[in-house]
Amino acid sequence: MCMTCGCGHDEAHVGHAHDHAHGHDHDHDHGADAAGWHTHADGTTHRHAGPHRHEHAHGHVHAPPGADLHFGHGPAGSAAPGMTQSRLVRVERDVLAANDAIAERNRTRLEQQGIFALNLVSSPGSGKTTLLVRTIERLAGRLPVSVIEGDQQTTFDAERIRATGAPAIQINTGKGCHLDAAMVETAIGRISPSDGSVLIIENVGNLVCPAGFDLGEAHKVVVLSVTEGEDKPLKYPDMFHASSLMLLNKVDLLPHLAFDVERCVANARRVNPGIEVIEISATSGQGMDAWLGWIDEGVRAAQALRRARASDARESARLDLLQRAALAAAIEPRTGGDDGH
């Protein structure tokens, strides 16, 4: 996660934070309560990741020559120079808590408007912008679609979307490798998606950091191209675990590739047994009907949720009026019938 690389406008300081007053004072707080970590009689705490091997919270790993290295075994799931595991865990919790509060605000707004919001995620070059263009073209005249585009630089993708006639706003993250909820909140305010519409957020091309950041969407949809390899779900499990749907894209190229579709789907379901899969091609049109049908179901669910919210709000207002009336009747002074004798 980007807690260790220091990306994003809120997290830019993270990669440079230090727990030590100088370069020689190391805090070996490894979070001994986590599975696999233990404390010896001399007070040292570490976790054995394999025979004759252990790793410290400040990131370096002692292992036999030629052994594989894994910096993700600690409680934080990652390592950064100069930062203990407990420090990394605290930073991650603080950053994500702030993000999640804004994401929930986004979600509430979108649900109140009956907007079906999707967070489209993938590695660079998966073809998600082309797929998005085809999706907008197929939905034209049937469902209004607005788009939030995320890239480190340029407005190329937003311009491609605007060429379809759909409203789009570009977010450039600079050195940041993902969108966050605050960026999306600002973009929603500017683009003002209409009630009952579809909002698609095309995240920065990255299969790592966007997995951990809720934007207020109804679903994450991961796009995986058949040119990338069927092992991607196992290499980047957090993203596939966080996604409701995998669009296996560019399947028109399968005759020219040594790509095992069944193995890819099995790998995805090892990580996330409930993930749905649609094989799709923006070029040939294969799978587009299934994808659009999935969106239609989401729109119906969003509109049903909006009606339920409105009904709950009306019932709450009615009960509030009844309670106020009952309270007013209870405290109203009695008049007449009592002359004091």
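Analyst: Two strands pair if DSSP finds at least two bridges between them. Helices (H or I, at least four residues) and strands (E, at least two) are themselves DSSP runs, numbered from the N terminus. The structure above is a predicted model, in which local features need pLDDT of at least 70 and side-chain atom pairs count only at pLDDT 80 or more, while totals for chains, interfaces and linings use all residues. Residues are numbered from 1 along each chain as its sequence is written, and side-chain values use heavy atoms, with hydrogens and water left out.

User: How do you know that S6 and strand S7 pair, and in which sense?

Analyst: S6 and S7 (residues 168-172) are joined by 5 bridges in the parallel sense. The definition asks for at least two, so the two strands pair. Within this pairing, Glu-149 is opposite Gln-170 of S7. S6 is also joined to strand S8 (residues 198-202) by 5 bridges, again running parallel, and Ser-146 has Leu-199 as its bridge partner there.

User: What makes strand S6 largely enclosed by the rest of the structure?

Analyst: A residue is buried under 20% relative accessible area, exposed over 50%, and partly exposed in between (1.4 Å probe, protein chains only). In S6 (residues 145-151), 7 of the 7 residues are buried, so the strand is largely enclosed. In a regular strand the side chains alternate between the two faces of the sheet. Here both faces are covered, with Val-145, Val-147, Glu-149 and Asp-151 buried on one side and Ser-146, Ile-148 and Gly-150 on the other.

User: Why is Asn-106 called buried, and what does the side chain of Asn-106 reach?

Analyst: Asn-106 has a relative accessible area of 3%; the limit is under 20%, so Asn-106 is buried. Asn-106 belongs to helix H1 (residues 85-112). The side chain of Asn-106 reaches the backbone oxygen of Leu-215 at 3.0 Å. A polar contact is a pair of N or O atoms within 3.5 Å; within protein, one must be able to donate a hydrogen and the other to accept it, and residues adjacent in sequence count only if both atoms are side-chain atoms.

User: How many aromatic pairs are there?

Analyst: The count is 2 aromatic pairs. In one, Phe-116 and Trp-294 are tilted, at 6.0 Å centre to centre and 50° between the planes. Rings of Phe, Tyr and Trp (its six-membered ring) pair if their centres lie within 6.5 Å; planes under 30 degrees apart count as stacked, over 60 as edge-to-face and the rest as tilted. Phe-116 is in strand S5 (residues 116-122) and Trp-294 in helix H8 (residues 288-331), so this pair ties together parts 178 residues apart in sequence. Trp-291 and Trp-294 form a stacked pair, 5.9 Å centre to centre with 20° between the planes. Phe-116, Trp-291 and Trp-294 form one aromatic cluster.

User: Why is Cys-177 said to be in no disulfide?

Analyst: The structure holds 0 disulfides. The nearest cysteine sulfur to that of Cys-177, belonging to Cys-209, is 3.1 Å away.

User: How do you know that the buried residues of helix H4 line one face?

Analyst: The buried residues of H4 (residues 181-191) are Ala-181, Met-183, Val-184, Ala-187, Ile-188 and Ile-191. Viewed down the axis of H4, they fall within an arc of 150° (taken from the directions from the helix axis to the C-beta atoms), so they line one face of the helix.

Definitions and conventions:
Disulfide = S-S within 2.5 Å.
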